Amino acid sequence: MKQIIKTISHPKIFVYTVIWLMVLTVLGTIAQRDIGLYASQQKYFSSYITWLGDIIPTPGGKFTMIIILVNLMSMLFKHNIWKLRKAGIIIVHLGAVLLFIGSGVTAIFSSEGNMVIDEGAESNYVDDYHKMELAVVNTSKKNLDKYTVFDEPLLKKSNKLSHESLDFVIEIIEYYNNCKVQRRTKSSDIQYKGMMKNFDLIKLKPEKENAQNRSGIIYKIENSDSNNDGIYGLILGQSVIQTATINKQNFEFLFRKKRTYLPFSIELLDFKKVLHPGTGIAKSYSSEINLIENGIPRRVLIQMNEPLRHRGYTFFQSSFIEAPEGEATVLAAVKNYGRLFPYISSIIMAVGLLVHLVINLPRLLRKQMVGNK
Amino acid sequence: MIKQIILLFLVFFMLSCDSRNHIRIYYLPKTHTNNDRQQTKIIESQSSEFSWEKPDSWIPSQGSSMRIASFDVPFSTGMGDLSVMELSGDGGGLVANVNRWRGQIGLEPLEENEIMSQAQRGENELGPYQIFQLANDSSSDRAILAAILSMNNSTLYIKLTASNDGIKELEIDFKNFCSSIKYDTKI
């Protein structure tokens, strides 16, 4: 065991992995120019394996950071480090470990998206910026709709989706990050249903700006015991809902940005926009809202640099929409459980360095004096 | 050394396990919000004179040369056809055109006052217009939703042909489309 700890806590591992992290940072920064910020982030920093040139597998940012974390933690299991003389080093290591744990918490549990609210309307959900979901809605009941939602990691080609709440199986035929709808020129023998009877989804090269990509999905419904078995298609932003009646139950299929429902709602009372004089450029904009929780409204003003913080969420004034039927505000909603980790760990590391200096200063001074003599 | 590598691999494997459940079940009351509009509208300017906003599921199609624009309009069980035409003068007249459309779906012609009593009113930047919803219960596969907008020297005809169910499903999108039509300011 001692040998294992000695090996995995070797300082060289830390040095090499930090150097590799720097290389990844440079590569990721350069790659942004060609593939965009989000794709670069996913490829170099949020992955376990990064393929260089799509040929050579190398440790991705996530894997590299896990190795650093294990290396730092194993350092604390060394017997010879638990001495008063090394208290500063222990504190610095604890701070660094906390920093990496914080980044893990942020990566796993945090979410960000936007909330679009029309003037006079109310909303209680946030749409994720990037992640998608397939929602199968059973609309047969009079007052309530039952949602069975499959998250993006499940929407992989050839994956079969099933759940006890559904009497049928959905097989993913294709999943496109970016695609377009194109009218079919030839009739097909394949049992296409809904939109796919007349249209096809054509894969496109992903755009640099992920927000410009229109994801699409082609899926097959099987074992529905009705004539609804067949191949269906959905594309992001499709205004026409795909429906099917299976075993006398009515279903709607929605392909949309991942939706998170909040335990409170926000009503937009008034949206105000101030332009720079003589231009169409916004100088400032603000949203006067009612934060409604348990039926009790609280009036709040959200404006640039003055976000609303509530129940772990932070709502920033992000943008707005102007349309013939009125204005709508766009609030960026961020939930980051690891928000405080960098602050706390930085303080701990600073204290550690200070302790290390204080403990070792007399010894250094003594050495200095002996040297002078 | 092999043991150490195995240990590292196990640590990596354990940390990379994604235990989060990717299937969620929940119930929501039946409500229809209008907050999806950010994703569903794009501004179009296909004619030399007019611009409009349409749902991005509407796909431009090849129509006759008389049409300013044509769209394939999908709905949950099929496809509708939408045309935008500008005819000089009154384009043959409101009553004559509505009765012609009625004939196309197997309905009897009506008198002007009956037709006008069925008209819904709307207004956009070009002026007021009437909307006519024509459906024949005995022939549910073909129905018409049309808007007629009189301008100074011409008349704009916007016509959507689909099934009875399709017309009902597309009614809001059609009305939003009509209300968004305006002169293209980029000229």
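In chain A, helix H4 passes helix H5 in a left-handed crossing; that is, the near helix is turned anticlockwise from the far one by less than a right angle, clockwise being right-handed. This is a predicted model: local features need pLDDT of at least 70, side-chain atom pairs count only at pLDDT 80 or more, and totals for chains, interfaces and linings use all residues. Residues are numbered from 1 along each chain as its sequence is written, while chains are lettered from A and ligands numbered from 1 in the order in which they are written.

Stay with this pair. H4(A) covers residues 61–75 and H5(A) residues 87–109. Helices (H or I, at least four residues) and strands (E, at least two) are DSSP runs, numbered from the N terminus. The two helices pack at an angle of about 150 degrees, with their axes 9 Å apart. Axes are lines fitted to C-alpha atoms, for helices over the stretch in contact, and angles run from 0 to 180 degrees between N-to-C directions. H4(A) and H5(A) are therefore roughly antiparallel, a label for angles over 145 degrees. Residues of H4(A), including Met65(A), Ile68(A) and Leu72(A), meet residues of H5(A), among them His93(A), Val97(A) and Phe100(A). Contact here means C-beta atoms, placed from the backbone, within 7 Å.

A second pair in chain A is H2 (residues 11–35) and H3 (residues 37–45). Their angle is about 150 degrees, and their axes lie 8 Å apart. H2(A) and H3(A) are therefore roughly antiparallel too. H2(A) passes H3(A) in a right-handed crossing. Leu24(A), Leu27(A) and Ala31(A) are among the H2(A) residues in this contact, and Leu37(A), Lys43(A) and Phe45(A) among those of H3(A).

Now turn to chain B. Its secondary structure comes to 5 helices and 11 strands. Of these, 7 strands form an open antiparallel sheet in the order E4-E5-E6-E10-E9-E8-E7. Two strands pair if DSSP finds at least two bridges between them. The edges are E4(B) (59–60) and E7(B) (120–124), each pairing on one side only. Arg121(B) stands opposite Gln130(B) in E8(B).

Which strands does helix H5 of chain B touch? H5(B), residues 164–180, packs on the sheet against E5, E6, E7, E8, E9 and E10. Its direction makes about 150 degrees with that of E10(B). Helix H3(B), residues 94–104, lies across E8 and E9, running at about 170 degrees to E9(B).

Conventions. Contact = placed C-beta atoms within 7 Å. Parallel < 35°, antiparallel > 145°, perpendicular 65-115°, else oblique.
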